[in-house]
Structure formats: C-alpha cells, structure tokens
Amino acid sequence: MRVIKSNGKLENFKLSKLVDSLIGTFEMAQTPEGMSNDLIRQTIKDFHAWQIGKNEITSQDIRLKISSILKKIHPEASYIYKNFKSII
C-alpha cells in the first residue's frame, strides 16, 4: 500500500512508523506498558482489516482511522493521537 503524504509525495506504508506513533501516544496517555501492547495489537488488527484492498491512502486517512479505532478502546489516546500530530 502506498501513502500519499500531506506534501503530495508517495511512500510505501511503514508499519513501524505507525507502531512508533502509537507507542508515543500511549506513553503520553501514561498507559501501562502491557495494556499499551495489547491496545497496539488491537489497533493494528482493526486498521489492517480496514485497509485491505486499498492501493493508496492519505496520511490523513490513516490519522482519522486510527483515531476512530482508538476512540472505542482508549478515548484519551484517541484525542492525543488526533491532536498532537507534531509530537508523535
């Protein structure tokens, strides 16, 4: 899958970047590590199911979808992920 960045550039989707961003989000939310690991796995699983069949998505699509997933399982993390783009 390719990601269309906000500057218009295309790059391959990198799961590691998403995981790093989620780790930072849960650290800011002061979520215990074990719980964070479980929530990251669930978030990635749900995101993967959503992105199947999509060849290209925007970085904004990713941010909105991840925020939506997090809102159901950790509302504080969802707020942080959605609003602190420059930090995480």
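Visitor: What span should the 14 residues of α1 have at 1.5 Å a residue, and how far apart are its end C-alpha atoms?
Guide: Helices here are DSSP runs of H or I with at least four residues, strands are runs of E with at least two, and both are numbered from the N terminus. The expected span of a helix is 1.5 Å times one less than its number of residues. For the 14 residues of α1 this gives 20 Å, which agrees with the distance between its end C-alpha atoms, 20 Å.

Visitor: What kind of model is this, and how are its residues numbered?
Guide: This is a predicted model, in which local features need pLDDT of at least 70 and side-chain atom pairs count only at pLDDT 80 or more, while totals for chains, interfaces and linings use all residues. Side-chain values use heavy atoms, with hydrogens and water left out, and residues are numbered along each chain as its sequence is written, from 1.

Visitor: Which residues of α1 are buried, and which helices are included in what covers them?
Guide: Buried means under 20% relative accessible area, exposed means over 50%, and partly exposed lies in between, with a 1.4 Å probe and protein chains only. In α1 the buried residues are Leu 18, Ser 21, Leu 22, Gly 24, Thr 25 and Phe 26. Their cover, judged by contact (heavy atoms within 4.5 Å), includes α2, α3 and α4.

Visitor: Is Glu 27 buried or exposed?
Guide: Glu 27 has its place in helix α1. Its relative accessible area is 58%, so Glu 27 is exposed.

Visitor: Where does Gln 30 lie, and is Gln 30 buried or exposed?
Guide: Gln 30 lies in the loop between α1 and α2. Its phi is near 55°, a positive value in a residue other than glycine. With a relative accessible area of 71%, Gln 30 is exposed.

Visitor: Why do the buried residues of α3 line one face of the helix?
Guide: In α3, Ile 62, Arg 63, Ile 66, Ser 67, Ile 69 and Leu 70 are buried. Seen down the axis of α3, these buried residues fall within an arc (that of the directions from the helix axis to the C-beta atoms) of 165°, so they line one face. An α-helix has 3.6 residues a turn, so residues three or four places apart point the same way. On the other side of α3 are the exposed Lys 71 and Lys 72.

Visitor: Which elements do the buried residues of α3 pack against?
Guide: Helix α3 covers residues 59-73. Its buried residues pack against β1 (2-4), α1 (15-28), α2 (33-51), β3 (56-58) and α4 (75-83).

Visitor: How is α3 oriented to α4?
Guide: The two helices pack with their axes 6 Å apart, at an angle of about 165°. That angle makes α3 to α4 roughly antiparallel.

Key. Axes are lines fitted to C-alpha atoms, for helices over the stretch in contact, and angles run from 0 to 180 degrees between N-to-C directions. Angles under 35 degrees count as roughly parallel, over 145 as roughly antiparallel, 65 to 115 as roughly perpendicular and the rest as oblique.
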